[in-house]
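Thanks for coming, everyone. Please take a moment with the sequence and the structure, and then I will talk through two places where parts of a chain meet.

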Amino acid sequence: MALLRYSIYRFGTMILTLVVVSVLVFVIINLPPGDYLSNQIAELQASGQSAGVAKAEFLRKEYALDRPLYQQYLVWMGFIPGPQGFSGLIQGDLGWSFEFDRPVAEIVGDTVWLTVVVNLAAVVFVYIVALPLGVLAAARSRTWVDYTSAFIGYLGLATPNFLLALILYYYGRQYLNIPIGGLMDPIYEGMPLTWEKLKSVGVHLIVPTIVIGTAGASAMMQRLRANMLDELGKPYVETAVAKGMSPARMLTKYPLRVAFNPFVADIGNLLPSMVSGSVLVSVVMGLQTIGPTLLTALKTQDLFLSGFILMFVALLTLIGTMISDILLVLLDPRIRYEGRET
Amino acid sequence: MTQLPDGRYVDDAPYDPQASIQQLERRDLDAPNWLLVWRKFKTHKLGLISGLFLLVCYLMLPFAGFIAPYGANERNSDHLYSPPQAVHWFHEGVFIGPFVYPTVAEADLETFQWIFVADETDPRPLEFFCEGARYKLAGLIESDTHLFCPPEGVTLFLWGSDRLGRDIFSRILYGAQLSLTVGLIGISVSFFLGILLGSIAGYFGGRIDWVINRVIEILRSLPELPLWLALSAAVPSNWTPVAVFFIISVILGILDWPGLARAVRAKFLSLREEEYVRAAEMMGAPSGRVIRKHLLPNFMSHLIASATLSIPAMILGETALSFLGLGLRAPAVSWGVMLNDAQNLASIEIYPWTAIPMLPIVVVVLAFNFLGDGLRDSLDPYQQ
């Protein structure tokens, strides 16, 4: 019951945060001087195409861009009725992309799901890699296992993502025949989901997952190692060893469980950086996620498109953080009450 | 040294328990804090080496123009994509000092690439303290003397040249001026904001604490890069490179402060109740003085260590922004701008040296990480 109440409380704060974030996003995307439609209208008038001007004017009316900024925001979110009545983000109307001349929902369509898939794969990768390596590095601390993993960890933190992407593509292609670029073979694009398409996506996911996850995995690994080392020095570990417990069983039964808490909590800190990483990596690797679209939208001042993508990316991290908080409470009842206070 | 019958060794000098206690501790107890920190830091070899390396790098920045043989945007249209040239010392077994062989570009009609052939019969010694492209020493003194330059009519591309025939080695030196200072400016901004807001939140508590805390939470839960992208997309494209550079560093700093502010706030919460703070308050010290004189010095060193650890993120951030074309732009030279050329696999495959700017990035970021780790470990000198 307490858990349910906490989840609801956590959900509430997430919604509030999201509203604040939406204000922030709206301000940021309106920061550049000028806007797309005014530029277009000026350009069309200069070349004497009145038909285009009429359309641009129509769009401006349609999306309430002729109103003051705070009203534009409220219409965009769907808090007050626009020319079409209530039709904002919360009603599911994502707006119009001026650059592509299509609804935003149509442009982002599939890419939204692929973004979720890529980031999920990266999170899973972080856990799969960091857990055994961190435990091993702590259990065999100050041996070559520890030093090797620390070295790889540092390298993972220091190497720019896009460099890693290029190197992995290059050698992956040469030795393992891993396909370069994209998230699926071009023939599957726009096709219904089949087993073959799934397999193609899987193969294409290998390199992006490693690239996005490496920095996070090395940070996580170092954290876990430090936590484990703290626990390993405690008397109960000595007692367990003295009583003749096998090292592997002892490790997993006692210290790991305690060291595991920060491990789950950390995903909340890692997620924002991983999502940012995925945006950058997608641009370099030509993945069909929202990253490249965001870049073009920002460069062309495509208001609604970039606004929605920024909101979506924020939502993704906020949901991830919320899930990790709730998982943490499930794992450790002590945190429930502390968490609410601070 | 005498050996007892049971085989143990005993020192002959007379033993004075009082003296040995005092001697051992006196030196350490009287030493100022920074000396203790330095002593401990010295044992952290990796951190020490990294610190020295970074010091050399930063000291080199004002003299980049002097060390670089070419100007930052000096083009050599006969040598586009020239591979790195080696500096030799021995010609046909005879020592004649550092020299290079002149290279000539020949077109390969099969692949349509330029192939650079070195004329190995004609050694040309390097010139030292010679005249070359004009530059400004430390941005102030105009000069055209270079540490070393290519001999007349010969090129000297230590790390190759890029698609416009510009020397990559020289450009890396010039690029360091921007890439390395971005982190410093950014961290100053984030330090200022973090300490200001963190101490206000921690010291005064109450409603203002709640507000600042929410802001911190929101900013920390957002992915940085899209926000960086959005903010730097707002920078007008007609600004001068220097202005763009400053605004980019400020943007990097503005989104970095929440982590620092949180650390400051946590420290303040625990230190606020200490007796010496109470004493200062009762003696009538205003809050500003209590914060600056009594609270901040307590954990300043800790903050510096964590700041060192967040500089690499800023350097990587600048690189990523410039790499995507939203950070610094063309006439400015930074490592990220240079990597813009190495964006696709084809150019790395054919001209691997265009990716050389990766090297300084990785090395500098690693060095900052090691330095930060070393500082953090040695900051509490009384802890054993």
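In chain B, helix α5 (residues 168-204) and helix α9 (residues 257-271) pack at an angle of about 35°, and their axes are 7 Å apart. Helices here are DSSP runs of H or I with at least four residues, strands are runs of E with at least two, and both are numbered from the N terminus; axes are lines fitted to C-alpha atoms, for helices over the stretch in contact, with angles running from 0 to 180 degrees between N-to-C directions.

Before going on, please keep in mind that this is a predicted model, in which local features need pLDDT of at least 70 and side-chain atom pairs count only at pLDDT 80 or more, while totals for chains, interfaces and linings use all residues. Residues are numbered from 1 along each chain as its sequence is written, and chains are lettered from A and ligands numbered from 1 in the order in which they are written.

Which residues of the two helices meet? Among them are Phe191(B), Leu197(B) and Tyr203(B) in α5(B), and Trp257(B), Val264(B) and Phe268(B) in α9(B), where contact requires C-beta atoms, placed from the backbone, within 7 Å. The residues of this contact divide into 12 nonpolar, 5 polar and 2 charged, counting Ala, Val, Leu, Ile, Met, Phe, Trp, Tyr, Cys and Pro as nonpolar, Asp, Glu, Lys and Arg as charged, and the others, Gly among them, as polar.

Turning to chain A, we find domain 1 (2-103) and domain 2 (105-336), with bounds from an automatic or database domain assignment. Their contact takes 28 residues from domain 1 of chain A and 25 residues from domain 2 of chain A. On the domain 1 side, the largest share, 14 residues, comes from α1(A).
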